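Subject: Structure handover

Hello,

Here is the structure for you to take over. Please open it first, then read the notes below.

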Amino acid sequence: MEKSKLSNRFCPEGMSVEEWQVALRHEFALTNNFRVEHIDQNRIWGDYFVYSGPSRYRVAFRGVRSERNYCSCLDFRTNGLGTCKHLEAVSIYLQEHEEGYPWAHREYIPRHSSLYVSYKGGRSVRLSIGLGDETRYESFRRKYFGEDFILKPSYYDRLEEIYNEGLNLSEEFRCYNDVWEYVEEVLCESRWRSQLLNRFPTRDFSAGYASECQSLTLREEMFALLLQGNGLLVGDMTSALRCEILAMIEYISAEEKLPTLLIAADNYSVTLWKKEIQNSPLKQTNIQVVPMDQFSIKERYFAPNYGFIFVENADTLKEWHGQVSITIKRLNIKHLYMQLPTINHLTPVQFSSIAQHISPYIVGPFYSFIRDHRPLFPLSDNGENLPDIVRPFVFTRIHTATCSWSDRPQEEVSICASKTSLPSTNQWLEDTIRLLQNETTRNQLIDLLKHWTSSHDKL
């Protein structure tokens, strides 16, 4: 009798979530046509290419679910399991081609020492000591690493020095590419935050265009957004928020020297953005504004690297294979901000999909996020039930939604403007939307309409 397939939605009884996720990947490898190519001379603990259709992945196999395994696929680097379907394909290949299985209990001991990234349980930089190198590297280990052989984060900024010191102990010493990439990612975030805190110790972002803002609350919000370096903004798109985004662009553009892209919800929104840009100091800045339905990697004016991208009404990003999603994932973005009018309609899967455009690591392994936080959904737009893991990058604009960029209170704008003073259509629509978002003026309008209706009925 054929064994039934595992559900990819529900964890079977008697299995931990991690065991279930590993079993799903093993089952996928068993039932799909992967081609495995051994590319070195090691009998088992070697390097492999795994082919899946036109795609090819490089695998370093160091044992069944070993913390020293590696696969170039995104799933391996983010799932924290120490395996993926490509590593499972290698394990199955070895069972079929190498005698003596099971050999999973055998410990892999390399002939060289190295620095590598362990992805099992989350990323960390670790020291692997090669066969016969134990005495030679003991002092080196105690100097920079904990008892678990993990490099202390306080030494990340000395990685090149550490690598050279290891190389001096043995010319076979290695530091793998993803070590440099991971450490540089951490250091970039740290440098950015230190720079902001040193320049604005009171957390009042008052540089350049931001200094024109009359609202301290808005300036503090801009600082918080910049300090995080990326974010999901929950609340309606207002004129004040557009001004905030432009003030952030001005600052980031001066620091990063990379192009900026605004992905507007529609053509009307493109018009509003261009109007705000014309009224700001950014007229000559390299800012592309494009409606969402035209955003594609195929467009010739898109660059591979961006200092800043803002996505207005990012609801489309909940569809992982949508055009906007696919395009963003192909770009290298220093600072990505997204806006949603509401988040209380999102499922855990949809929220995770949107958040992972900022970073595939930002909510941790997908299956863990779903397991741990599903009971909290639907999320509240005021942020009261946000999971702790998302609080740093989700900004609910409950304290700034009605703030104005200038010192003119919104209530002072007349809702009964005369024909002679009526602004342009675009300006009138924007002012109307802004007024309706304010509870006081909205109630005034309702009262006026009721009064007008009552008077009209009497006639």
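Helices (H or I, at least four residues) and strands (E, at least two) are DSSP runs, numbered from the N terminus. This is a predicted model, where local features need pLDDT of at least 70 and side-chain atom pairs count only at pLDDT 80 or more, while totals for chains, interfaces and linings use all residues. Residues are numbered from 1 along each chain as its sequence is written, and side-chain values use heavy atoms, with hydrogens and water left out.

**Backbone points**

Phe149 sits in the loop between helix H4 (134-144) and helix H5 (159-169). Its phi is positive, about 70°, yet Phe149 is not a glycine. Phe149 is partly exposed, at 29% relative accessible area. On this scale, buried means under 20% relative accessible area, exposed over 50%, and partly exposed in between (1.4 Å probe, protein chains only).

Lys257 also has a positive phi, about 55°, without being a glycine. Look for Lys257 in the loop between helix H8 (239-256) and strand S9 (260-264). Lys257 counts as exposed because its relative accessibility is 66%.

There is a cis peptide bond between Phe377 and Pro378, with omega about 5°. Pro378 belongs to the loop between helix H12 (366-373) and S15.

**The six-stranded sheet**

Six strands form an open sheet in the order S10-S9-S12-S14-S8-S15, with parallel pairing. Two strands pair if DSSP finds at least two bridges between them. Strand S10 (287-291) and strand S15 (394-396) are the edges, and each pairs on one side only. From one strand to the next, the twist averages 15°. Axes are lines fitted to C-alpha atoms, for helices over the stretch in contact, and angles run from 0 to 180 degrees between N-to-C directions.

Strand S8 (residues 231-234) and strand S14 (residues 336-340) run parallel and are joined by four bridges. Leu233 has Gln339 in S14 as its bridge partner.

Gly231 is in strand S8. Gly231 counts as buried because its relative accessibility is 0%. In sequence, Gly231 and Leu336 are 105 residues apart; in space they are 6.7 Å apart, C-alpha to C-alpha. Leaving aside residues up to four places away in sequence, Gly231 touches Leu336, Tyr337, Met338, Ile358, Phe393 and Phe395. Contact means heavy atoms within 4.5 Å.

**The three-stranded sheet**

A further open sheet has three strands in the order S6-S5-S7, with mixed pairing. Strand S6 (124-128) and strand S7 (174-175) are at the edges with a single partner strand each, so one side of each has no neighbour in the sheet. Strand S5 (residues 114-118) runs parallel to S7, and two bridges join them. Ser114 stands opposite Arg174 in S7. Helix H6 (residues 177-199) lies across S5, S6 and S7, at about 60° to S5.

Helix H1 (17-31), helix H2 (74-79), helix H11 (348-355) and H12 each give two or more residues to the lining.

Best wishes
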